[in-house]
Amino acid sequence: MGVREALGGIVSASMVFSSSDIPEISSMLQFGISMTLYTMSVGVLWYAIFGRLQYGYGTQQDLICILQAQLAVKAALRLEATPEKIPATVFAIICTSSILSGLVSILFGKLRWATSMLMIPKPVVSGFLGAIGVVVLQAGLKTASGVRFHHFWPDVGWVEFCSSKDRVLQVTCMMLHFACIRQGPSVCASLVDADHSQRRQDAVKKYAALVCQLAPLLLFYIVVMCLGMNMESLAEHGWTYPSNGSEGAMSIWSTYSFSDVDLLTVREICVSLDIVALVAMAILCTMLGALAITGRYPTGPAGDPSPDDPLDFNAELTTVGAASLFLGLTGGNLIFHKFSVIQLREDGGTHRVAVLTIALVAGCLFVFGFPIGSVVPKWFLGGLFMNTGWSFLKKTLLSYQHMSTFKWRGLHIVSMQYGISTCCVLMALYFSPTTAIMAGLCLSILLFVWDGMSTSPVSSVVDGQHVVSRTKRPWWEMNVLAAEGDRVRLLYLQGQLFFGSMLQLTSSLEAAASDHRIEFVILSYARVPLMDPSAAENIRAAQEKISKFGCNVLHCRTNEQVFGALCAAGAIQRPSKDFLLRIQNNQWSFVSESLEYLDPETPNNDTHPDAFFHETDCLDYCDEYLVRNFSYDLLAPSPPLEDYMREYRAVVEGSQSRLSEAAFEIMSLGSTA
């Protein structure tokens with residue numbers, strides 16, 4: 001596992017320092033490898049001491065290195081007139097990005113905002129990975145051939161490109177290495193007939209991927225030895241990077257001087273949107289890494305003192321942020337959770353000793369300063385690039401398999417969210433990964449607004465004839481409600497209400513008012529978690545409009561935020577007495593002086609309460625209004641009222657204390673005798 005992580009460190013350093021065609025940056029590769037090994041050893045050791053997961057660790061990874069490579073290129077372009085300042089300035093930018101990432105991570109962790117990063121839409125994350133994949137694929141081709149590729153086309157043209165035998169051979173070796181990595185494990189499983197032996201399956205799972213990564217490198221040097229070539233000859237022909245001698249442990253602190261740093265360039269880079277995207281993605285990757293690690297297994301491994309405890313994402317973010325801050329201050333790079341710890345657990349290395357071993361291997365390579373950059377061929381790094389880039393790109397392009405579809409003209413069309421991911425990939429071809437990420441966020445916002453406008457905020461509509469209140473009524477009143485109940489209409493609202501979803505809601509309200517029989521429209525907000533001011537203002541305007549047609553809007557089942565928005569807009573002015581007492585007892589923050597009105601105990605024809613606690617409270621009020629106005633207050637009610645019916649009403653209204661014996665017998669026995 002330590003060897004595999006060391007190779008990952010080489011890839012990360014190469015992505016920053018060898019993926020561009022700027023000589024001052026490419027010459028920093030050996031320095032970058034030392035910096036990466038230092039970051040890896042300290043980051044893994046830090047998490048082994050302070051982290052929660054027995055099998056987890058954080059280290060520098062290629063996702064962020066791609067963004068840092070973009071920052072390095074921008075800095076180099078600004079310093080074209082003073083190229084001697086480029087290396088020190090690039091080093092300062094990397095350290096500063098690590099410090100900023102660490103500070104923001106600690107702040108988010110202490111304020112317990114960690115899980116808020118998981119609210120970033122999944123298509124944006126997928127599109128980010130796809131955009132990174134495109135850049136990594138281009139970096140792989142450039143690293144192996146030494147020629148810059150634009151849209152997977154060499155800038156020098158294919159004729160000039162193929163004129164160099166070394167270029168063609170290196171790209172061929174890279175593609176064969178890539179094929180070996182992708183197809184090698186399955187071939188190994190077939191050769192050893194792993195399907196018929198669990199022990200062979202476990203062995204293939206543990207070692208096949210590592211063997212397929214390293215075997216082409218071993219075969220290459222066997223061929224080199226047989227041909228009698230030396231390392232100097234390979235470097236002259238561009239197969240390896242030139243050796244700058246052994247780099248000691250002090251190289252990352254002694255190579256560059258603070259006086260060589262262009263502070264103006266560092267400041268301008270660190271206040272740009274690029275650094276904002278880098279810090280945001282570093283925090284997001286930390287959260288996604290921790291989520292992927294814990295989500296893979298239902299419980300902790302054997303030896304974990306608390307295997308069933310849920311993971312505290314805020315503590316994880318704080319721990320990793322502190323490590324990034326320390327590394328940035330001491331010449332290292334930022335870190336976050338490594339996904340390959342899943343492989344570590346599958347290999348059985350679930351104790352902290354396994355994590356410490358990885359730190360020890362990286363630390364030894366750093367201390368002894370072995371010149372890895374001059375030993376590992378460029379095509380080998382290119383193959384690792386191709387594998388990483390293809391994995392990211394494939395995951396993005398196939399993400400539609402996990403999305404819902406909709407039917408359009410007989411065809412099943414994938415969700416529009418898939419378009420966000422693919423758009424990020426296309427944007428990465430023409431612009432930077434940062435621009436692709438920002439485009440994905442903007443498209444996600446537009447899609448959210450579009451969905452809100454196209455999805456009806458009304459989940460269902462029910463007439464008062466088909467719902468009853470909680471009040472038990474005699475048969476003649478129930479007959480009135482059956483005949484006149486359609487004067488009440490109940491709308492169940494859903495989702496977050498904002499300006500984009502108001503068109504359909506106001507249309508529903510106006511449609512209800514167009515029927516002259518509708519006297520009450522009840523709006524239930526039980527499934528509405530949030531309402532913005534523009535939505536509340538639209539509702540107020542709509543209810544004022546339909547009130548001119550004699551239709552009254554009643555609100556119920558609001559939470560504190562929705563109630564406050566409706567009150568602020570003036571949509572709610574007269575809550576019922578019971579509801580007002582409830583919100584005062586609950587100490588809701590928005591109870592203004594305009595809500596002092598307490599409605600009378602019984603309905604009247606002039607002013608109605610406009611807010612109730614529950615739908616049944618609204619129905620009680622509306623049913624009472626209908627019964628009184630379409631039965632007892634009519635000169636010729638249908639059915640005609642008998643004396644015991646009017647006596648019952650008098651008892652209900654409180655003008656009479658109790659029913660007479662005769663009225664009681666009639667109502668109880670159903671007889672007029």
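**Figure 1. Serine 421 in helix 18 of the predicted model.** Serine 421 belongs to helix 18, which spans residues 417-430, in a model that is predicted rather than determined by experiment. The relative accessible area of serine 421 is 0%, and because buried means under 20%, serine 421 is classed as buried. When residues up to four places away in sequence are not counted, serine 421 touches Pro123, Ser126, Gly127, Thr396 and Ser399.

**Figure 2. The largest nonpolar core.** This core comprises 88 residues. Ile25, Leu63, Ile64, Val90, Phe128 and Ile132 are the residues that touch the most other members. Helix 6, residues 122-145, gives the most to the core, contributing 12 residues. In soluble globular proteins, nonpolar side chains tend to be buried together.

**Figure 3. A further nonpolar core and leucine 491.** Another core, of 34 residues, lies apart from the largest one. Its members include Leu491, Leu497, Leu523 and Ala542. Leucine 491 is located in strand 8, which covers residues 488-494. With a relative accessible area of 2%, leucine 491 is buried. Leucine 491 and valine 521 are separated by 30 residues in sequence, yet their C-alpha atoms are 7.3 Å apart in space.

**Figure 4. The contact of helix 25 with helix 26.** Two packed helices are described by the angle between their axes and the distance between the axes. For helix 25 (residues 615-632) and helix 26 (residues 643-653), the axes come within 13 Å and cross at roughly 145°. The crossing of helix 25 and helix 26 is left-handed. Helix 25 takes part through Glu624, Val627, Arg628 and Tyr632, which meet Met645, Arg646, Tyr648 and Arg649 of helix 26. The residues of this contact divide into 4 nonpolar and 4 charged, with no polar residues.

**Figure 5. The protein chain as the setting of the close-up views.** The secondary structure of the protein chain comprises 27 helices and 11 strands. Of the 673 residues in the chain, 51% are buried. Among contacts between residues at least 6 apart in sequence, 78% join residues at least 24 apart. The accessible surface of the protein chain comes to about 31800 Å², and carbon and sulfur atoms account for 61% of this surface.

Note on methods: Residues numbered from 1 in each chain as written. Predicted model: local features only at pLDDT ≥ 70, side-chain atom pairs only at ≥ 80, totals over all residues. Heavy atoms only, no water. Axes fitted to C-alpha atoms, helices over the stretch in contact; angles between N-to-C directions. Helix = DSSP H or I, 4+ residues; strand = E, 2+ residues; numbered from the N terminus. Left-handed = near helix turned anticlockwise from the far one by under 90°. Contact = heavy atoms within 4.5 Å. Nonpolar A, V, L, I, M, F, W, Y, C, P; charged D, E, K, R; others polar. Core = buried A, V, L, I, M, F, W, Y, C linked by side-chain atoms within 4.5 Å. Buried < 20%, exposed > 50% of the residue type's maximum accessible area, 1.4 Å probe, protein only. Areas by Shrake-Rupley, 256 points an atom, 1.4 Å probe, with all protein chains shown as cover.
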